[in-house]
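Here is a short report on one protein model. It starts with the whole fold and then turns to a few local features.

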Amino acid sequence: MNRQQLIQQIFAKKSFLCVGLDTDAKKIPAHLLDLHDPIFEFNREIIDATAPYCVAYKPNLAFYEAHGIHGMKAFKKTVEYIQEHHPHHMIIADAKRGDIGNTSKMYARTFFDEYNVDALTVAPYMGEDSVTPFLEYEGRWVVLLALTSNKGSLDFQLMKDESGERLFERVMRTSMQWGNEENMMFVVGATRGQMFEDVRRVAPNHFLLVPGVGAQGGSLEEVCQYGMNAECGLLVNSSRGIIYASSDEHFAEIAANKAREIQQQMAVELERIR
């Protein structure tokens with residue numbers, strides 16, 4: 001999915017919601033556990049229920065890798081199901097890869113050739129040669145970690161150099177020399193609030209993937225106030241607040257209701273820029 005296709009979907013559906021598929025076998029409804037592949041079956045029902053209200057899905061690889069080969073089969077089936085039944089939705093593999101060049105080439109091949117996802121989260125700590133192999137695939141996206149919302153982000157991301165530039169700003173400025181607005185996004189946590197203004201001063205036009213709305217306490221209104229640009233420029237992710245909204249047999253219906261509530265809020269925000 002390229003940039004124009006993503007923007008078209010956002011305004012057509014009046015939504016910039018990304019549903020996180022952080023599927024924990026210990027949290028899915030008990031009635032699914034007797035099925036042959038409960039993780040995939042949970043995902044399938046969530047996807048079909050929420051597809052009208054979102055533009056992207058973000059499976060978190062940790063929740064699949066934890067189950068070994070069976071989990072990775074569920075991941076692959078989930079990706080293929082979205083591609084077959086909801087082909088206009090972006091698929092972001094949340095794997096946070098990044099290593100020396102040759103290794104990154106293999107990671108890129110895994111996710112863009114083997115699994116055929118649209119985007120992959122990448123850690124920038126090892127620098128240019130660890131990121132650029134992912135940028136060699138036309139129509140695919142690198143989603144680079146920039147300013148996250150976890151407590152440990154304070155250890156490094158806000159450190160200042162002699163000129164007062166913070167590390168996350170340096171990461172963004174430097175990486176913008178490797179990629180561009182058509183193939184690179186940045187991860188910025190929803191709890192960062194007014195700091196989205198600082199992010200936008202560095203990268204006014206790039207898309208931002210924004211986790212942390214909902215269960216983690218981030219405010220959608222605040223994210224939009226400080227982070228939205230003329231083309232929206234946001235993919236706001238919600239995981240637990242949608243997929244685990246209910247644990248009974250009506251879990252998919254409840255998830256759809258939660259996704260619809262967020263989509264309706266997003267429709268209001270999009271009206272402000274059109």
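Eleven helices and eight strands make up the secondary structure of this predicted model. The radius of gyration is 18 Å, close to the 19 Å that the globule rule gives for 274 residues, so the protein is as compact as a globular protein of that length. The C-alpha trace spans about 60 × 45 × 35 Å along its principal axes.

Of the 274 residues, 55% are buried. The accessible surface comes to about 12,500 Å². Carbon and sulfur atoms hold 48% of that surface. Among contacts with a separation of 6 or more, 73% join residues 24 or more positions apart.

**A buried lysine**

Lys13 belongs to helix H1, residues 3–13. What is the nearest side chain of opposite charge to this buried residue, Lys13? That side chain is Asp48, 11 Å away. A salt bridge needs a side-chain nitrogen within 4 Å of a carboxyl oxygen, so Lys13 has none. Its side chain does reach the backbone oxygen of Cys54, at 2.7 Å. Cys54 is also among the residues that Lys13 touches, leaving aside those up to four places away in sequence.

**Helix H9**

Helix H9 covers residues 220–227. Its buried residues are Leu220, Val223, Cys224, Tyr226 and Gly227. An α-helix has 3.6 residues a turn, so residues three or four places apart point the same way. Which elements cover the buried residues of H9? They include helix H8 (196–202) and helix H11 (251–271). Strand E7 (208–210) and strand E8 (234–238) are also part of the cover.

Most residues other than glycine have a negative phi. Lys96 and Cys232 both have a positive value.

| Residue | Phi | Relative accessible area |
|---|---|---|
| Lys96 | about 50° | 42% |
| Cys232 | near 80° | 0% |

Cys232 lies in the loop between H9 and E8. Lys96 is partly exposed, whereas Cys232 is buried.

Key:
Residues are numbered from 1 along each chain as its sequence is written. This is a predicted model: local features need pLDDT of at least 70, side-chain atom pairs count only at pLDDT 80 or more; totals for chains, interfaces and linings use all residues. Side-chain values use heavy atoms; hydrogens and water are left out. Helices (H or I, at least four residues) and strands (E, at least two) are DSSP runs, numbered from the N terminus. Buried means under 20% relative accessible area, exposed over 50%, partly exposed in between (1.4 Å probe, protein chains only). Lys and Arg count as positive and Asp and Glu as negative; His and the chain ends are not counted. A polar contact is a pair of N or O atoms within 3.5 Å; within protein, one must be able to donate a hydrogen and the other to accept it, and residues adjacent in sequence count only if both atoms are side-chain atoms. Contact means heavy atoms within 4.5 Å. The radius of gyration is taken over C-alpha atoms; the globule rule is 2.2 Å times the number of residues to the power 0.38. Accessible areas come from the Shrake-Rupley method with a 1.4 Å probe; for residues, only the protein chains shown count as cover.
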